[in-house]
Amino acid sequence: MISRLTSGERSIALMLASTGALIGVLMGAFGSGDPMGVHGWIVLAFCGALILVIGNNFYDPEPSEDRTLSYYDDPTKAGLIIALSWAVVGMGMGVWVACQLAWPDFRFENAWSSFGRIRPVHTTGIIFGFGGNALIATSFHIMQRTSRARIPDQVAPWFVLLGYNLFCLIAVSGYLMGVTQSKEYAEPEWYADIWLVVVWVSYFTLYVRTLARRNEPHIYVANWYYLAFILVMAVLHVVNNLALPASFSGAKSYSVFGGVQDAMTQWWYGHNAVAFFLTSGFLGMLYYFLPKRAERPIYSYRLSILSFWGITFFYIWVGSHHLHYTALPHWVQTLGMTFSIMLLVPSWASAGNALMTLNGAWNKVRDDAALRFMMIAAVFYGLSTFEGSFLAIRPVNGLSHYTDWTVGHVHAGAMGWVAFITFGSIYTLAPILWKRAGMYSAKAVEWHFWFALAGTVIYVFAMWNSGITQGLMWRTYNESGTLKYPFIDTVVAMRPYYIARAFGGLLFLSGACIGFWNVVMTIRRAPLKEPERDYPMNSEEPQVAAVAGK
Amino acid sequence: MLMKIIRVLIKPFASLYEAHAVAHYRIERHSMGLSIGIIIAAAIGGLVEIAPLFTIDETVEAAPDMRLYTPLEQAGRDIYVREGCYACHSQMVRTLRDEVERYGAYSLAVESQYDHPMLWGSKRTGPDLARIGGKYSDSWHVQHLVNPRTVVPESIMPQYAFLRRAVLETQSLPGRLEALRRAGVPYKADMISSAEVDAAGQAKPDSDLADGVFERYGEETAIRNFDGQDGRVTEMDALVAYLQVLGQLTDLPESNSARDE
Amino acid sequence: MKEVRDPLTGHMTTGHEWNGITELNTRVPRAIWLFILVTHVWALIIWILLPAWPVGTTYTKGVLGLDQRQQVNKEIAAAERAFAERDRQIRERSVPEIMTDVSLMNYVMDTASAIFGDNCAVCHGTAASGGPGYPSLIDTDWLWGGDTDQIMETLRVGINSQHPDTRHAQMPAFGRLGVLSGRDVRLLVPYVKSLSGSDIPAEVRAAGEDLFSRNCSSCHGADGMGRLQAGAPNLTDDVWLYGGGDNDIFYTIWDGRQGWMPAWQARLSDEDRKMLVIYLQELADGERP
Ligand code: HEM
Ligand code: HEM
Ligand SMILES: [Ca+2]
Ligand SMILES: [Ca+2]
Ligand SMILES: [Cu+2]
C-alpha cells in the first residue's frame, strides 16, 4: 500500500508518524506513574509500527498509475477489515458483559475485568470501533462514487482512518485501566478527546474537498447524511467534553459542567450520538447500498428532503427524554417528550422510503441475503424509532427508565438496525472493492443472516420481558397499598432473561465471526471480476452533466 | 367535511415544505451551504434547552447548608467513576411515588450542583444510591465491596476486594480540587493546600490530622477509620467515605417535600 | 441523464444519477402530512397545558399549572391520607392488640416485609436469621432485650450509630490493648465455651473462672448470662454472634467487637418501625414449633 504513495506523500506520512511518536514519548515521560503514561507508550508503539511500515517501503519505486483513472480504495479496504475486527471484539465483550450479569464471578479476580470497566469497552468497541470504522470506510467509498471523483489526497484518508483507530485504542485500553470521564458514549479522557477533534477536522476537510471535485452538479442524499454525521458529532463532541484536567501529566479531568446542566448537556450529547452517529451516518450507508443492491431508484426524492431536515432539526431537541422525572426542570422534559413524538414522522419517512424503494425488488430480497440484511435493517429502524418515541412519553418512561427495556430498545436499534445495515453494506461492498464476482460463500451469508436475526430477536424479547417485569415490580403495590417487592427480588427475577440474552448475543457474535471469515475468504479465494464502470467520470466522455432544471 | 378540514390544516405544512424543498434543491449543490444549513438546523434545539438552565434561577434550588465533598470523599467519588459503578447504580430519586417510598425524598438539582460530572446514571441493575449515606455501617460496605455475595447471596455485583489493598494516592488531590474550583466548586485556598493531610486525617480519627477536617468542612463530617484497617488509608476508605456522604450534603430534600404538600 | 419514467411505478425520476443510483420524484404521501398534522397538533396542546417553553428568566407554566414535584407530593399526601386511619391504629394500639386484629395484621405483614427487604435484609438476611456479625432477629437471644419497647428503641437509635441517643456496646480488645496476654486469652477461650456446656479440665476451668470474674463479669455477669443494659451477650446459650469456633472466640477477645446497627429514626416512620417489630415477632413465632 505504501508503494502506491508518491515519495512526497511518503515523507509527509513519515513526518506525521514521527510527530505522533514524539507525542507518545512526551506523554509517556510526563505521565509516568499515571495511566496517561501507559497511553503514551501505546501511542509510541502505534506510531512506531507505522514508521517501520513506511520506512520499510520508503525507497520503493514511484507509483506509475494515472490517478485520474481510478478511485482510491486502499483505506476503504483497510477500514472494512478493521471494522470487522472491532465487531468481533465489541460483540465478544458484549457477550462477556452479558455473562457477568448472569454469572457475576465469570471473570478473573482482577480490577480490569469488572463489569463497570468492561461495559464501556463493549459500547465503545462496537459503536466507535465497529460502527465508526464502517462509517468512515463506506463514506470514503460513497463520496468518491457519488461524486464520480477520486479522493483528492492519499495521505489524508489514512490519517483519518488510522488516527481514528488510535483514538479507539486509547479509549478502550483506558477503560480497562479505569480511565473514564463517566459520560456515556463520551468516556475517553481529555487528551483522547482533543485528538479526536484533530482527526475529525481532517475528516470533514477531506469530505468537502472530495465533494468540491465532484462531477455531478448535485450532492447525493447519502452525502447529506454523512455530512450531518460529521458536523453535528463535532459540535456535540466538543461541547460535551469540555473539561478541566487535574494536571497535564495525568489522565483525570473534571467536566466544566456540573449537576443539572451537566446532565442536560450529557444527554443532549448522548441522544444525538444515537441520532447522528448511529442513525444519520448509517442512513447515509442505507441510501447508497440499498438502491445499489436492489437496482431500484429511491422511492421519493421529496421524502428524502423531508426526512433529512426533519431528522436534523427535531433530533437535537429530544435529549431530555433521558431525564424524565429527574431534577431536570419539568419544562425541558415536556419539550423532550413532544419533540420525540414529532420526530417519529421523519424517522418513519426514512424507513418508509427505504422499504418503498424495495418495491419491485422483493424477489431479490427473497434470494439475496445481503439485500435482506438491509431490508431487515430498515424494518428495525422503523421499529426502534417507534419504540423510542413511545419510550419518550413521560409516563411510559417512568416505567421503562433505568430498566432493561431501555437496553432492549438500544439493541433493537444497535443490532437490528446498525449492525444489519452494516453487514448488508459490507456484503455488497467487499466484492466491488476486491473486484470479485461475489462473496466467497453465499451460503455463509445466509447463515449469518439467520444467526443475526435469531440473536437479535432473542436478545430484544428477553430484554423487553426483563425490563417490563422489573419496572412493574418496582412499582407493584400489594393489597394493603404498600410496596410489594424489595429491590433484590427484582434482581433475582432478571436472571433467566440475562441467560437468554447472553445466548442471543452468542448467536449474533457467531454470525459476525462467520461474516468475517467469509470476507477474508472472498479476498483470498473468490474468483476475480472487474466491476462495471467503477472509475471516476472525468476519465471518459462526460455523460449528461447538465442539470435537469426544475 | 372532515377531509376538507384536514386538507386545509395540512396546507400550511405542505406549502412551507414546498418552499423549503425549493431552497433545498438549490443548497444541495453547495457542500458548504449544506454544511451551514445543517449546523443552523441542529444548533437551535440545544440552545433553547441548555442555555436557559443557566439563566432561570429556580432551576437550582438554594440550599444554604450545602457542604462540599472533603478530599477523601472526592477521591472516593473518583474511584466510583473509575470503577464504573454508575453503569449499575443511579443517584437520582425520581419524582415518582414508589421511588420516594423506596429510597426517600426525591432528588433536587442542588444536591448535585458540585458534581462534575453528575452521576445520575441511566441504568439500575442495582438500587439507587442517592440516599445510601448513613444507611448501612462502614464495615458492611467493606464486606459488601470485598464480596457482595457474602452479605447478599443473590447479588450480581462484582467483587472489589483489591480496593482494600490499594493505598490511596493523595498526591494529586490538590490539583484535583483546584480543577474543581475552576469548574465552579467553591473550594478555598486552604482546603486545596491541605487536601493531602485532610484526606489522611478523615480516615484516622485518632490522629491530630482530624481536627483540620472538622475545621474546614464542618462538625458534621464523618471522621472514621472507614475500612477498619489501622495505619493505612486505602481506596476502600475513600470509596466508603463517599458512599456514606451520599444524600447527606444538605437537609433540603426532606424539608422540601414536607413543605410542598 | 434525462428525467425518465420508472416503468414499475410509473413515476418520473428527478433526472439525476449517481453511479447508477436514481431517484423518483414521487410526491410526499398524504399519510405523511396527516401524520405531521397529528403530531404537531398534539405537541401544541401539550405545550399549552404543561410547562414547556423557556422565556428569558422563566418559562411558560402551562394552563394546568402542573409541576412534577407538586404532583408527586400530592400523590404521596393522598396515600398518607388513605393510610391515616390504619397508621393511627398502629400508633395507638399495643402490639398484642394489633397482633390479634387479623386485617390490621395483614397490613402489617404486607408492608413490613418489603421494608425489611429493602432496609434490613442486607445485614440480617432475607429470613431475618442473621449471619456472622449480624444477629438473628427470630431467635430468643436478644442483646438489648426482647420486649417490644426495647426493640423499638434499638430501631430508633441504632447501636453504636451516629444517632445522639444511640445504644453503645463495646467488647474491648483485651489482647490488642495489652490488658490480657495471649496465654490468658487462650485460656479464656475454652472457659467461655464451657459456659455453654462443653466439658473442660478442672484446672483450665479454675484459671478461666478467675480471669473471667476479673475481666468479663462486669459486662457479661458473673454467670456469663450477659447484661442487657450493656448490650453484652449471654455467653451460656451457645448462640454466637461472631462464631463459636476457637478462632472466632479468640479474636473476639483479642481484637474486641463493636457491631454497628444503623439508626432508623430519620429513614423510617414510627409506624414503619413498629410494624417491623411486629413483623419480626410474627416471623419468630413462625419459627418456633
Ligand atoms: C453480540 C451482541 C451483543 C451483546 C451480547 C450485547 C450485550 C450488551 C450488554 C450486556 C450490555 C449492558 C446492559 C446493561 O448494562 O444492563 C450492553 C449495552 C450496550 N450495547 Fe450491546 N450487546 C451486543 C451488541 C451490540 C451492538 C451491535 C451494539 C451497537 C451497534 C451495542 C450497543 C450497546 C449500547 C449502546 C449499550 C449501552 C446501553 C445503555 O446504556 O442503555 N451492543 N450490550
Ligand atoms: C425516533 C427515534 C428514537 C427515539 C425518540 C428514541 C428515544 C429513546 C428513549 C426515550 C430512550 C430511553 C431513555 C431512558 O429512559 O434512559 C432511548 C435510549 C436509547 N436509544 Fe433511542 N430512540 C430513538 C431511536 C434510536 C435508535 C435508532 C437507536 C440506535 C441505535 C437508539 C439508541 C438508543 C440508545 C443507545 C439508548 C440508551 C441510552 C443510554 O441510556 O445509555 N435509539 N431512546
Ligand atoms: Ca470524553
Ligand atoms: Ca445507559
Ligand atoms: Cu434518546
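Predicted model: local features only at pLDDT ≥ 70, side-chain atom pairs only at ≥ 80, totals over all residues.
Residues are numbered from 1 along each chain as its sequence is written, chains are lettered from A and ligands numbered from 1 in the order in which they are written, and side-chain values use heavy atoms, with hydrogens and water left out.

Now pick C47(A). The nearest cysteine sulfur to it belongs to C168(A), 15 Å away. C47(A) is buried, at a relative accessible area of 6%; buried means under 20% relative accessible area, exposed over 50%, and partly exposed in between, using a 1.4 Å probe and protein chains only. Hop over to C123(C), which is in no disulfide either: its nearest cysteine sulfur, on C120(C), is 8.5 Å off. C123(C) also counts as buried, with 14% relative accessibility.

Next stop, the histidines of chain A. Select H271(A), H321(A) and H322(A), which carry the UniProt annotation "binding site" from an unreviewed entry. (UniProt positions are in the numbering used here, feature names are shortened, and annotations may be inferred rather than shown by experiment.) The three span 52 residues in sequence, yet no two of their C-alpha atoms are more than 8.7 Å apart, so they gather at one spot.

Zoom in on H321(A). It sits in the loop between α9 (301-315) and α10 (330-357) of chain A; helices here are DSSP runs (H or I, at least four residues), strands are E runs of at least two, and both are numbered from the N terminus. H321(A) is buried at 11% relative accessibility. Show its surroundings and, leaving aside neighbours within four places in sequence, you will see contacts with H271(A), G336(A), S340(A), A392(A) and N397(A), a contact being heavy atoms within 4.5 Å. The side chains of H321(A) and H271(A) make a polar contact of 3.0 Å. (That term means a pair of N or O atoms within 3.5 Å; within protein, one must be able to donate a hydrogen and the other to accept it, and residues adjacent in sequence count only if both atoms are side-chain atoms.)

Then click on H322(A), in the loop between α9 and α10 of chain A. H322(A) is partly exposed, at 22%. Not counting residues up to four places away in sequence, H322(A) touches W267(A), H271(A) and H401(A), and its side chain has a polar contact of 3.4 Å with that of H271(A).

Now find the calcium ion, ligand 4. Its protein donors are two OE atoms of E184(A) and the OG of S122(B), 2.2 to 2.7 Å from the ion. (Donors are N, O and S atoms within 2.8 Å of the metal, or 3.2 Å for Na, K and Ca; water is not among the atoms, so sites may look incomplete.) E184(A) is in the loop between α5 (156-177) and α6 (190-212) of chain A, and S122(B) in the loop between α4 (97-103) and α5 (138-146) of chain B, so the pair joins two chains. E184(A) is buried at 11% relative accessibility, and S122(B) is buried at 17%.

Finish in chain C with residues 31-53, annotated by UniProt as "transmembrane region" in an unreviewed entry. The stretch is 83% helix and 0% strand, with its end C-alpha atoms 29 Å apart.

Note on methods. Disulfide = S-S within 2.5 Å.
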